[in-house]
Amino acid sequence: MEGVSTSSLPALPALPALPAVPAAGRPDVAARLRDALLGASFTADGLLELLGAPAYAALARSETVPALRATRGDSPLEVLVRLFLLQQPVPHARVEGVLPVDACLESGWLVRVGGPSGDELAATVDVRPYGGPGGEDWFIVSDLGCAVGGAGGIGSKDEGVVLGVGGASTTLAGITVRTPVSAALDLGTGSGIQALHAAQHATRVCATDLNPRALHITALTLALSGAPAADLREGSLFEPVHGDETYDLIVSNPPFVISPGARLTYRDGGMAGDDLCRSLVQGAGERLNEGGFAQFLANWQHVEGEDWQDRLRSWVPRGCDAWIVQREVQDVTQYAELWLRDAGDHRGDPAEYQALYDAWLDEFEARKVKAVGFGWITLRRTGSAVPSVTVEEWPHPVEQPLGETVRAHFGRLDYLRAHDDAALLEEHFKLAAEIVQEQVGLPGAEDPEHVVLRQNRGMRRATKVDTVGAGFAGVCDGSLSAGRILDAIAQLVGEDPVLLRDRTPAQIRLLVEQGFLEPA
């Protein structure tokens, strides 16, 4: 891994060591603790009912005051919320009967405040209920004060800190293709959320991380959630993957932040610019089985004088189809401010904050970076002689989960590759579910200026079509071939049917590719 010089960064004070985390080798204790948490309704639904929607939402923003106010009673659920979510000491007597206290103390889930004779107990890690896609009650373990990152700061600046579930984690989990597979690989597992999801549909899960503390916490997350243990390996990127090992699914929410130094392991990749994301994408191709998917979140540089789409196309490994979606772009000042706040630097010495900000802008200026893009990268290993690479910008709202939408996108690529224009005209199509048509024009005008087809599901795309395209889509119910429909339209509008058959397949192809039309 290429190092990054940190000589331009101001010297930072030494940090205290992170506290010890519970023993990962005690699945019996994790099982007893899980039973106790479930018995007290320490679940996503239970929290919502206890706290109410405003306080529950505030927790996701790392704001604890509303939850503190809602947990002033003595119920088992209130005790658990104060221990594991709010990190408040709780009298030993109140915890007895709620948790297996002796086992939790012995294995390190709890500690006595003030030494061996202390009569208050505190949690050593954050334990946050998380609802699985099938209604499962899961628990995500992370370092204290680090369950949620973001604009409020993560609560710790230690380089080895392990975060819980944030927006990026849930985004990746939502876009991941969830078909049964033999082997899945989670690169940079962190608190283990992607490995936990993968364990539901993969026979074998391998999870890697450069940070050994993250691997330890992943083991706790899996055990406490009642999931099978994963094959945990320490190392960077694909280094822990042995020999000719290949996978059906590779996922990664990597340390993609483009920063002037590797200060925080969970977010700063330690390579120059966006080289870590490029290396991750380029290395995935040879580790995928035929038809397998690799799905990543990533940042990429918008460099002066360079097309950002061409930059990303150059990352795609040979033998892979790719679908790359840019969801957001920030100028370099916005980007620097976002991640300085993420680390809590805005709450420190103003002069130090200014020096850090300068270092970020110096780095971008030296690389001629004018903005940074964020989005999703999906690869699929293909045997096609001519792989398809789609790079697009789509900043609009989408409907999660999108895993099935992603899988269907690549299925449509296969379909279109197998059908030339003549074959397309022989096919029968139907309009996809929940498509609406909008006509746009001046009030009172006899004809619309243009017609828009809009999806209400998945990517929620909208596309302009001409009157022929709108008419074609409107009558697609699977009963007539595309060619027969076009012949009827030609007769209605007085156009040569041969010419209409010649010019329309491109529009049909686009409507199929974007999911507006489906083969019947």
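Visitor: Is Asp28 buried, partly exposed or exposed, and what is its relative accessibility?
Guide: This is a predicted model, so the values are computed from it. Asp28 has a relative accessibility of 41%. Buried means under 20% and exposed means over 50%, so a value in between counts as partly exposed.

Visitor: What does Asp28 form a salt bridge with?
Guide: Its partner is Arg26, and the closest N and O atoms are 3.1 Å apart. Arg26 is partly exposed too, at 26% relative accessible area.

Visitor: Why would two such side chains pair at all?
Guide: Side chains of opposite charge can pair when their charged atoms come close.

Visitor: How many salt bridges does a search of the whole structure find?
Guide: The search finds 26. One of them joins Asp274 and Arg311, with the closest N and O atoms 2.9 Å apart. Asp274 sits in the loop between β9 and α11, and Arg311 in helix α12, so this bridge ties together parts that are 37 residues apart in sequence.

Visitor: And are those two buried or exposed?
Guide: Asp274 is buried, at 2% relative accessibility. Arg311 is buried as well, at 16%, because the cut-off for buried is under 20%.

Visitor: What about Glu399, which side chain does it meet in a salt bridge?
Guide: Glu399 meets Arg457, at 2.7 Å from N to O. The two lie in separate loops, Glu399 between β13 and α15 and Arg457 between β16 and β17, so the bridge ties together parts 58 residues apart in sequence. Glu399 is partly exposed at 24%, and Arg457 is partly exposed at 43%.

Visitor: Which residues do salt bridges with shared partners join into one network?
Guide: Asp321, Arg380, Asp414 and Arg417.

Visitor: New topic, rings. How many aromatic pairs are there?
Guide: A search of the whole structure finds eleven. In one of them, the ring centres of Phe42 and Phe84 are 6.4 Å apart and the planes are at 50°, so the pair is tilted. Phe42 is in the loop between α1 and α2, while Phe84 is in helix α5, 42 residues apart. Both Phe42 and Phe84 are buried.

Visitor: Which rings are linked into a cluster?
Guide: Ring pairs link Phe256, Tyr335, Trp339, Trp360, Phe364 and Phe374.

Visitor: Last one. What lies over the face of Trp394?
Guide: Arg461 does, at 5.5 Å from the ring centre.

Technical notes. Residues numbered from 1 in each chain as written. Predicted model: local features only at pLDDT ≥ 70, side-chain atom pairs only at ≥ 80, totals over all residues. Heavy atoms only, no water. Phe/Tyr/Trp six-rings, centres within 6.5 Å; stacked < 30°, edge-to-face > 60°. Helix = DSSP H or I, 4+ residues; strand = E, 2+ residues; numbered from the N terminus. Buried < 20%, exposed > 50% of the residue type's maximum accessible area, 1.4 Å probe, protein only. Lys NZ or Arg CZ within 6 Å of the ring centre and 35° of its normal. Salt bridge = Lys/Arg side-chain N within 4 Å of Asp/Glu carboxyl O.
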